[in-house]
Amino acid sequence: MTTEKVRCLIVGSGPAGYTAAIYASRANLAPVLYEGLQPGGQLTTTTEVENFPGYPQGITGPEMMEDLKKQAERFGADIRIGMATKTDLSQAPYKVTIDDEKVIEADALIIATGATAKYLGLEDEKKYAGMGVSACATCDGFFYRKKDVAVVGGGDTACEEALYLSGLAKKVFLIVRKPFLRASKVMQDRVLNAPNIEVLFEHNAIGLFGKNGVEGVHLVKRLGEADEEKLDIAVDGFFLAIGHKPNSDIFKPWIETDEVGYIKVEPGTPKTKVPGVFAAGDVADPHYRQAVTAAGTGCMAAIEAERYLMNQK
Ligand code: NDP
C-alpha cells in the first residue's frame with residue numbers, strides 16, 4: 001500500500017467539500033480532495049436550485065457543483081476520484097485509506113461526506129431497485145409522466161418530492177405513517193391543496209408487487225392497532241423520502257456522533273473532538289441540510305484548518 005503525505009485532506013465533494021477546497025487552496029494549504037462515490041454530492045441528483053444566493057434565475061445542481069469544482073481547481077486544489085474506505089485518527093498525521101489501496105496522511109482533515117437517502121429496509125426495495133423504486137424524485141420523476149406514483153414520508157423532503165412529482169405524474173399518493181405531516185406549514189398547505197396528491201395518513205408500506213417492475217404497494221392502515229386494515233394501491237413508481245443517513249461510519253471509531261450518526265461538533269464551529277479534524281455540511285448537520293449552509297460550514301472548516309496548521313508550526 002502506497003502512502004502520501006498532505007497538509008490538508010478534504011473527503012467529500014458537495015458544496016461543503018468544494019467550498020472548503022476553495023478556501024484551503026486560497027490559504028496555500030495545497031488541499032487534496034477526494035470526491036467519493038457521487039462526485040458533486042446530493043445536489044447532482046437535483047434539477048433546479050433556486051435558493052442558493054447569487055443565482056437570480058436559479059441554476060441546476062450539477063452545473064453549480066461543476067462551477068464550485070472549477071473554482072477550487074482555479075486556486076490549485078487537487079481534486080481526485082476516489083473513495084475513503086478506512087481511517088485511523090488515533091494521532092496526527094491522520095490516516096485515510098483511499099479505495100483500499102492508498103493511504104493519505106494528513107496534518108488536517110475536513111470531513112464533508114454528506115448524507116445518503118434512507119430506505120425502509122423492505123426486501124422489495126432491493127428487488128425493484130431501478131425498476132420503479134427511487135429515493136430521488138427529481139432524478140427519476142421524469143420516467144413517471146402521466147403515471148401514478150407513491151412517495152413515503154411526512155417531512156419537508158417528502159412534501160417537496162410529492163409536489164415535484166405532482167407536476168409530472170397523473171396522481172401522487174403520499175404515504176405517511178403518523179396522523180399528521182411533520183413538514184413545515186407552507187409545504188403542508190401546498191401538498192394538502194394539490195389536486196392530484198392524496199395523503200394517506202397512518203399508512204405503512206410493507207411490500208411492493210409487480211411482474212417486471214413496480215405495479216403497486218401493499219399497505220397497512222393503522223398498523224398494530226385493533227382496527228388494522230390491509231390494502232393495495234396501484235402505482236408505477238415508489239419514492240422514498242424518509243430522511244437521510246449521515247456518511248460517518250468510517251470515522252466513527254474516532255469521532256463522536258449522535259444516535260443517528262451525525263458528527264458532533266463544538267457548537268457554532270466545525271471542530272470535532274479530535275484536534276485538526278473538522279466536519280462540514282450534511283454529515284454534521286441534522287437541522288438545516290441546505291447547500292448554502294453546507295458551503296458556509298465548508299468555509300468555516302477550511303479557516304479552522306488553516307488556524308490549526310499555523311499553530312502546529
Ligand atoms: P425528516 O426527518 O424531517 O422527515 C422524515 C419523514 O419520514 C417523517 O415524516 C418520518 O415520519 C418519516 N419516516 C421516517 N422513517 C420512516 C419509516 N421507517 N417509515 C415511514 N415513514 C418514515 O426528514 P426530511 O428529509 O424530510 O427533512 C430533513 C431536514 O431537512 C428537516 O429539517 C427539513 O425541514 C429539512 N428540509 C428542508 C427543505 C426545505 O426547506 N425546502 C426541503 C427538505 C428538507 P415521522 O414523522 O413519523 O417520524
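Ser134 is buried, with a relative accessible area of 3%. Buried means under 20% relative accessible area, exposed over 50%, and partly exposed in between, using a 1.4 Å probe and protein chains only. Ser134 sits in strand β10, residues 133-134. Leaving out residues up to four places away in sequence, Ser134 touches Asp140, Phe238, Phe239 and Leu240. Contact means heavy atoms within 4.5 Å.

## Basis of the model

This is a predicted model, in which local features need pLDDT of at least 70, side-chain atom pairs count only at pLDDT 80 or more, and totals for chains, interfaces and linings use all residues. Residues are numbered from 1 along each chain as its sequence is written, and side-chain values use heavy atoms, with hydrogens and water left out.

## Overall build

The protein has seven helices and 19 strands. These are DSSP runs numbered from the N terminus: helices are H or I with at least four residues, strands are E with at least two. The C-alpha atoms fill a box of roughly 65 × 40 × 35 Å along the principal axes.

Buried residues make up 49% of the 313 residues. Take the contacts between residues at least 6 apart in sequence: 58% of them join residues at least 24 apart.

## Two domains

Domain 1 covers 2-116 + 245-312, and domain 2 covers 119-240. The bounds come from an automatic or database domain assignment. Taken over C-alpha atoms, the centres of domain 1 and domain 2 are 32 Å apart.

## Ala137 in helix α4

Ala137 belongs to helix α4, residues 137-140. Ala137 counts as buried because its relative accessibility is 0%. Neighbours within four places in sequence aside, Ala137 is in contact with Glu161, Tyr164, Leu165 and Phe239.

## Backbone features

A cis peptide bond joins Ala92 and Pro93, with omega about -5°. Pro93 lies in the loop between β6 (84-88) and β7 (94-98).

Asp100 has a positive phi, near 60°, and is not a glycine. Asp100 is in the loop between β7 and β8 (102-111). Its relative accessible area is 53%, so Asp100 is exposed. Glu202, also a non-glycine residue, has a positive phi of about 55°. The loop between β13 (197-200) and β14 (203-209) holds Glu202. At 25% relative accessibility, Glu202 is partly exposed.

## The second largest pocket

The second largest pocket has a volume of about 300 Å³. A pocket is an open set of points on a 1 Å grid over the protein atoms alone, where a 1.4 Å probe fits, with protein on both sides within 12 Å along at least five of seven lines. Volume is the space filled by probe spheres set on the points, which are joined across faces, edges and corners.

The lining has 18 residues; Val265, Thr269, Ala284, Asp285 and Thr297 lie nearest the centre. Lining residues have an atom within 4 Å of a point. Helix α7 (residues 291-312) gives the most to this lining, with four residues. By class, the lining has nine nonpolar, seven polar and two charged residues. Ala, Val, Leu, Ile, Met, Phe, Trp, Tyr, Cys and Pro count as nonpolar; Asp, Glu, Lys and Arg as charged; the others, Gly among them, as polar.
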